[in-house]
Amino acid sequence: MPADRLLGTLLRSLQTYAEQQDTPRLLGTAASLLTTLNNPLNVTLLTSQLLAAPATWARPEGLTTSLRCMSVFHSAARALVQHEVAANQSQKGSDFVLPQPERVLQSGDWIKAVLNGADDHSPAWRHVLVIGGLLLGFGQAEDCILSRSTFRLLEETFVKSVNTALVDVADDDELGQTTVTLVLNHCFPAISEFERSQLDYDRLLPLLMWSALRSDEGLGSGYFLGAIDLDVRSAPDNVLSWPDRSPSFAQIQRMSASPLGASLGPLARLIGHTVEHVRDSWLVGSTVDDLLDFTRTLQLQWRQTKLSGVGASDESTFLTRETIELTSPALWKLLRSASYAVVIVFRSVLGRLLSDGALASDVVAPETAAKTLSALRNLYFISARAGAATFTQYTFVYLTALDVLGSHPMHAQSFVQAIQSPQLGTIPQHPLDRTLDLFYLNTAEHLALALAELAAEDLLVAACKPYLVAGREERLLPSFEAAHSTMLAAFSVPHNAGLAGRHMPFYIDALLRMFPGSVSPRQFRLAFTALISIASPPSLVAATNPALPAVLFDLLQDRVEHATHEVLSSMHDDSQPISASDAVPLSERAAIVLTAIDTLAYVPLDMLSYCLPATADMVNTIDDSEMRYHCVEHLWSVIMEGGMEPDRSRISHAWWSSAGGREHVLYGRGEIAEHSLDMSGALPEEEIPSKL
C-alpha cells in the first residue's frame with residue numbers, strides 16, 4: 001500500500017478506541033511509516049496524532065503505554081540511522097544498490113518535522129516521550145550520524161520539554177509524573193553536563209521521590225507487604241505456605257518487572273544527583289522525611305505479615321519448600337532493591353550535608369543524622385539478611401551519620417533512648433524485635449562516648465546483660481557478639497569509671513563462664529585484653545580499683561590450672577591472617593596462655609616483673625609441643641616486635657636476655673640454673689662429641 005494511503009488508514013484507526021483493537025500493531029505500523037514518509041508535513045501530522053490519539057491514550061496501560069509510544073520514535077530514529085549508514089557505505093561498494101533518494105527525509109529535516117509534531121494538541125509530558133525516543137535513537141556513539149549542533153538541539157529541546165512538563169503536569173496525574181521520571185531516567189546518561197545543569201531540580205526532586213516511593217508504578221509506599229499476609233496460609237503442622245499462584249505474589253512479580261521497579265538502581269542515582277543539585281536546601285530535609293516515612297511504613301507492613309514471625313535460621317522448619325525456593329526469594333530481591341535505592345539516596349543527602357552550610361548547622365545536622373539512622377533501623381530487617389556491611393554505600397551512610405550524631409551528645413542520647421527496645425532487659429520473642437535489638441546494640445556501641453554515665457548504665461548495660469547470659473545460641477549469635485562489644489565500649493569511656501567498677505565483675509564472670517563453649521579463643525583474647533587495658537593506668541578505673549589488673553591476671557593463672565588440653569573444635573588462633581591450612585589448633589589452656597601473653601602489653605609496669613615469669617610458667621604447662629611453640633613465638637613477637645611501648649619493652653627485653661627469661665620460657669623454671677652459664681651459641685652437653 002502506498003505510504004499516503006497507509007497514512008490515511010492509520011490516522012483513521014488512531015481516532016477511536018475499541019476493546020478488540022490491537023494498539024501495539026498500530027504503533028508498530030506508525031514506527032515503520034515515520035521513516036518512509038518523504039513529506040515533512042505528514043511526519044509532523046503523524047507525530048501529533050500519535051501523541052493525542054484516543055486509540056493510544058483513552059485507556060492507557062500505565063507506563064507500558066508510555067514505553068510503547070517512546071519506542072515508536074526510538075525505532076524510527078534507529079531505522080533512519082541504519083539507512084544513512086548504509087547509504088554512506090554504498091559509496092565504497094559498487095555492487096550496492098542505493099535506495100531512491102526521495103524515499104526518506106534527511107535526518108536533520110526529519111528531526112525538525114517530528115519536533116514540530118509535539119504541539120499543543122497533547123500535554124507537555126507526552127512530548128518528553130518523543131524527544132526522549134529520538135535522543136536515545138540518535139545518541140549511540142558508535143554510529144552517530146548527527147552533527148554536533150543537531151544533537152545539541154535535541155538535548156536542549158529535551159531539557160526544555162522536561163522543565164515544561166514539570167510545571168504543567170497535574171499533581172493527580174500519576175501517568176504523567178511517572179512518565180517524566182521514566183524517560184528522564186533512561187535519557188539522563190545521554191545528555192551533557194551543561195544541559196543537565198539546566199534542569200529545574202527543585203521541581204524535579206519531589207516528582208522523582210513520589211514516582212519511586214509512592215506511585216503504583218514504583219514501590220507503592222510499601223503497602224504491597226500488607227497484601228502478602230492475606231495469601232499466607234498456615235498448615236496443621238504450623239508450616240506457613242505462600243503459594244506462587246497467589247495475587248500478592250503476582251503483584252510482587254509485576255512490581256519487579258515494571259519499568260520503574262526494574263530500574264530502581266539508576267533511578268536512585270538520578271534522585272541522588274538531584275539531591276546534590278537542588279537550590280533549596282529545605283527540599284533535602286523533605287526528602288529525608290519522605291524516606292523515613294517510607295521505611296517506617298515498610299517495617300510496619302512487614303511486622304503485620306505472618307512471614308515476619310519466622311527468623312532466617314528457622315525458615316527450613318516453618319516454611320514450605322515452595323515458599324523457600326520461589327516466592328520468598330522474589331520478595332527479598334525486591335526488598336533488597338528498595339533498601340539499596342534508599343541507601344543510595346541517603347548517600348547523596350549526607351554528601352550534601354557535609355558541604356552545605358545550611359544543612360551542616362548544629363540544629364539541622366544532628367536531626368538529619370538521627371533520621372538517617374532511624375531509616376536504616378527500619379530497613380534493618382532487610383539489611384541483616386542482605387549483608388549490608390559489604391555494601392560500601394551503606395557503610396558510608398551508617399558511619400557518617402554516626403559521626404555527625406556523635407558530635408552532638410544531647411541529640412545522640414535522645415536518639416539512643418528513642419530506639420531502645422520497649423522490652424529492655426529481656427530477649428524479645430519476635431524475630432523482628434531481636435533484629436532491631438541487634439541494630440540497637442551495634443549503634444549504641446558507636447555512641448557510647450556521647451552518653452552520660454547514668455544513661456549508659458540504663459541504656460547499654462541493661463540491654464547487653466540478657467544476651468551475655470544467653471550463650472552462643474545460633475539465632476542469638478550476632479546479638480551475643482554485639483553485646484560483648486557494647487559492654488566493652490561502655491567500660492572504655494573515660495567518664496564511665498564508676499560504671500566499669502560496678503559492672504565489670506558481672507561481665508568478667510559471664511566471660512569466663514562462656515569460654516570456651518560460647519566464646520571463641522579470639523573473642524576471649526580480645527575481650528580480656530580490653531579489660532586489662534581499661535583497668536590499668538592511666539585509666540580512671542585504675543585510680544578507683546588499683547588492684548583490679550592483678551585480680552584479672554590472677555584469674556587467668558587460676559583458669560590455666562583447671563583448663564583442658566583437648567583441642568577446641570573448629571576454633572583456631574586467628575590473630576594473624578594465615579591460611580586455613582596453616583592455622584594452629586588450640587586447646588583451652590593454650591588460648592588462655594595466649595591471652596596472658598597479650599595482656600603483657602597493658603598490665604601496669606610495676607606488675608610486669610611478676611607477670612613475665614608467671615606467663616613463662618603458664619607456657620610450660622602446655623603439653624602439646626606445637627601449641628607451646630606457637631605460644632613461645634607469640635611471646636617473642638609481643639616483646640621484641642613493637643608490641644610494647646619503650647619502657648615496657650626495655651623491662652621485658654632485660655628479663656628475656658639477662659634475667660633468665662629465655663631459659664625460663666624454653667626450659668622451664670627448674671632448668672634456669674642449669675642453663676644460666678651456657679655461652680650464647682654453645683651446644684648442649686649431650687651434643688658434644690665424646691672424643692672431646
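Analyst: Let me begin with a definition: a charge sits over a ring if NZ of Lys or CZ of Arg is within 6 Å of the ring centre and within 35 degrees of the ring normal. Please keep in mind that this is a predicted model.

User: Which ring does Lys465 lie over?
Analyst: Lys465 lies over the face of Phe506, at 5.0 Å from the ring centre. Another such contact involves Arg196, which is placed over the face of Phe188 at 4.2 Å from the ring centre.

User: And rings with rings, how many aromatic pairs are there?
Analyst: The count comes to 16 aromatic pairs. One of them joins Trp110 and Phe138, which are edge-to-face, with 6.2 Å from centre to centre and 65° between the planes.

User: Where do those two sit, in which helices?
Analyst: Trp110 belongs to helix H6 (residues 107-116) and Phe138 to helix H7 (residues 124-138), so the pair ties together parts that are 28 residues apart in sequence. Trp110 is buried, and Phe138 is buried as well.

User: What about Phe491 and Tyr507, why are they called edge-to-face?
Analyst: Their ring centres are 5.9 Å apart and their planes stand at 75°, and because planes over 60 degrees apart count as edge-to-face, the pair of Phe491 and Tyr507 gets that name. Phe491 lies in helix H24 (residues 477-492) and Tyr507 in helix H25 (residues 497-514), so this pair ties together parts that are 16 residues apart in sequence. Phe491 and Tyr507 are both buried.

User: Which residues do ring pairs link into a cluster?
Analyst: That cluster is made of Tyr380, Tyr394, Tyr398 and Phe439.

User: Switching to the backbone, where are the cis peptide bonds you'd point to?
Analyst: One runs from Phe515 to Pro516, with omega near 5°, and Pro516 is found in the loop between H25 and H26. Another runs from Pro537 to Pro538, also with omega near 5°, and Pro538 is in the loop between H26 and helix H27 (540-544).

User: What's H26 itself like?
Analyst: Helix H26 covers residues 521-535, which is 15 residues, and it reaches 21 Å from its first C-alpha to its last, close to the 21 Å expected at 1.5 Å a residue. Its buried residues include Phe524, Phe528, Leu531 and Ile532.

User: Last one, is Ser221 buried or exposed?
Analyst: Ser221 has 10% relative accessibility, and because buried means under 20%, Ser221 counts as buried. Its phi is near 60°, a positive value in a residue other than glycine, and Ser221 lies in the loop between helix H11 (201-214) and helix H12 (224-231).

Notes
Residues are numbered from 1 along each chain as its sequence is written. This is a predicted model: local features need pLDDT of at least 70, side-chain atom pairs count only at pLDDT 80 or more; totals for chains, interfaces and linings use all residues. Side-chain values use heavy atoms; hydrogens and water are left out. Helices (H or I, at least four residues) and strands (E, at least two) are DSSP runs, numbered from the N terminus. The expected span of a helix is 1.5 Å times one less than its number of residues. Buried means under 20% relative accessible area, exposed over 50%, partly exposed in between (1.4 Å probe, protein chains only). Rings of Phe, Tyr and Trp (its six-membered ring) pair if their centres lie within 6.5 Å; planes under 30 degrees apart count as stacked, over 60 as edge-to-face and the rest as tilted.
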